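Subject: Handover of a structure and notes on its helices and loops

Dear colleague,

I am passing the structure below to you, together with an account of what was found in it. Please read the notes with the structure open beside them.

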Amino acid sequence: MRVLAVYADPGIPLDGTKGASVHARQTVSGLLRRGVEVTVLAARRAELWELPCRLLSPPAGRAPLRGLGPALRWELDVLAFSRELADVVPLGPGDVDVVYERYALWSLAGALLAERLRAPLVLEVNAPLPEEQARWRGLALSEVASGIERFLLRRADRVVCVSSALVERAVAIRGSRWGVELLPNAVDTDRFHPSGKKVAREDGHRGPVVVFAGSFKPWHGLADLVEAFALLLRAVPAARLVLAGEGPERARLERLAHARGIAHAVRFTGAIPHDEVPDLLRRADIAVAPYPKLNRFYFSPIKLAEYMACGLSVVASACGDHAGWLEEGASALLVPPGDAGALAEALERL
């Protein structure tokens, strides 16, 4: 089988450290291991791309649109860019069997290519992007973004969703359950597994180490984790917290740690290469996924699969699909979303 994999979001560098970048690489890697011939089309050039497949990307140096407000200018620019992105592909009808696109806000590249190459379109949906963009970042052309989402979900031959909440949304917009599949995010268990050798502890520390690995976004509940850790230190002064990742919440979290008087026990690693995450996890005792209260939980956390694959004790908010496949008291301790006190109690219990 020959697959053209399309990653049209300019905010997802395929050689980056964010979860979306990792997921893209692991998806392509998984296809390659199954003997699929993959050509990748990416909005951003990936200088550190190492997978053994063809990578296409547009030339650098596009001139952005001018004379508009920043949000509107960016949205129109990305919309125009998705059309140009499709032109980069030097393929014709019969050259691929499937066009597989990770749904990106404003992107029509996958649909255009499926039409031109006369191949079925498989759309991978990881989030309700118009809703997410409007809530967390602002959206100027909301009706256009929703119209593109509606068109793609109805146009695609198959829709692959990472959570049941996204399946329900896709079915409602598509008007049919036919062709909509649930495929939760997975983990590379060749890379993430309990170490057979002794791994050096976090900075040689002898007390319990709690770790979070992921991006510092508002919906990851890291402020609740810092508050919970401040409570934990009263009972377990030797505990340490490692926050591995980067994102817009970092400065606020650092200020919060100082305000609570626990900065000495919290280490911010910054973004680290994904290849280094397994050893980072193996140096810890407890891993946390502290999601806050959200109106609708549509995530499929890669971090939880990585935590469990490395054999860590897990504390997670009881929400979304993972609350159904984490067994309370066996594979994890589950706490109410946004409850720092319950999170501290679970950490202390472990």
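This is a predicted model: local features need pLDDT of at least 70, side-chain atom pairs count only at pLDDT 80 or more; totals for chains, interfaces and linings use all residues.

Helix H7 and its two partners

On the H7 side, the contact is made by Leu222, Ala223, Val226 and Glu227, which meet Arg252, Leu253, Leu256 and Ala257 of H8. By class, the residues of this contact comprise 6 nonpolar and 2 charged, with no polar ones.

The spacing of such contact residues can be read against a general rule. An α-helix has 3.6 residues a turn, so residues three or four places apart point the same way.

H7 and H12 pack with their axes 8 Å apart, at an angle of about 50 degrees. That angle makes H7 oblique to H12. Here, too, the crossing is right-handed. From H7, the residues Asp224, Leu225, Glu227, Ala228, Leu231, Leu232 and Ala235 take part, and they meet Ala340, Gly341, Leu343, Ala344, Leu347 and Glu348 in H12. This contact divides into 9 nonpolar, 1 polar and 3 charged residues.

The setting of helix H12

At the start of H12, a side-chain oxygen of Asp339 comes to within 3.2 Å of the backbone nitrogen of Gly341.

Helices H5 and H6

A further helix pair is formed by H5, residues 142–155, and H6, residues 164–174. Their axes come within 9 Å and cross at roughly 90 degrees, and H5 and H6 are therefore roughly perpendicular to each other. Glu149, Arg150, Leu153 and Arg154 in H5 meet Arg169, Ala170, Ile173 and Arg174 in H6. The contact of H5 with H6 has 3 nonpolar and 5 charged residues, and no polar ones.

Residues in the loops

His220 lies in the loop between strand S8 (209–213) and H7. Is His220 buried or exposed? With a relative accessibility of 9%, His220 counts as buried. Its side chain reaches the backbone oxygen of Ser215 at 2.6 Å. Leaving out residues up to four places away in sequence, His220 touches Phe212, Ser215, Pro290, Tyr291, Pro292 and Lys303.

Ile12 is found in the loop between strand S1 (2–7) and helix H1 (19–33). Ile12 also counts as buried, at 11% relative accessibility. Apart from neighbours within four places in sequence, Ile12 is in contact with Ala20, Ser21 and Arg102.

Gly311 is placed in the loop between helix H10 (302–309) and S12. Gly311 is exposed, its relative accessible area being 54%. From Gly311 to Arg282 there are 29 residues in sequence, and the C-alpha to C-alpha distance is 8.2 Å.

As background, most residues other than glycine have a negative phi.

Trp106, in the loop between strand S4 (98–102) and helix H3 (109–117), has a phi near 85 degrees, which is positive although the residue is not glycine. Trp106 counts as buried, at 1% relative accessibility.

Arg118 sits in the loop between H3 and strand S5 (121–125). Its phi is near 55 degrees, again a positive value in a residue other than glycine. Where Trp106 is buried, Arg118 is exposed, with a relative accessible area of 71%.

With kind regards

Notes. Residues are numbered from 1 along each chain as its sequence is written. Side-chain values use heavy atoms; hydrogens and water are left out. Contact means heavy atoms within 4.5 Å. Helices (H or I, at least four residues) and strands (E, at least two) are DSSP runs, numbered from the N terminus. Ala, Val, Leu, Ile, Met, Phe, Trp, Tyr, Cys and Pro count as nonpolar, Asp, Glu, Lys and Arg as charged, and the others, Gly among them, as polar. Buried means under 20% relative accessible area, exposed over 50%, partly exposed in between (1.4 Å probe, protein chains only). A polar contact is a pair of N or O atoms within 3.5 Å; within protein, one must be able to donate a hydrogen and the other to accept it, and residues adjacent in sequence count only if both atoms are side-chain atoms. Axes are lines fitted to C-alpha atoms, for helices over the stretch in contact, and angles run from 0 to 180 degrees between N-to-C directions. Angles under 35 degrees count as roughly parallel, over 145 as roughly antiparallel, 65 to 115 as roughly perpendicular and the rest as oblique. A crossing is left-handed if the near helix is turned anticlockwise from the far one by less than a right angle, and right-handed if clockwise.
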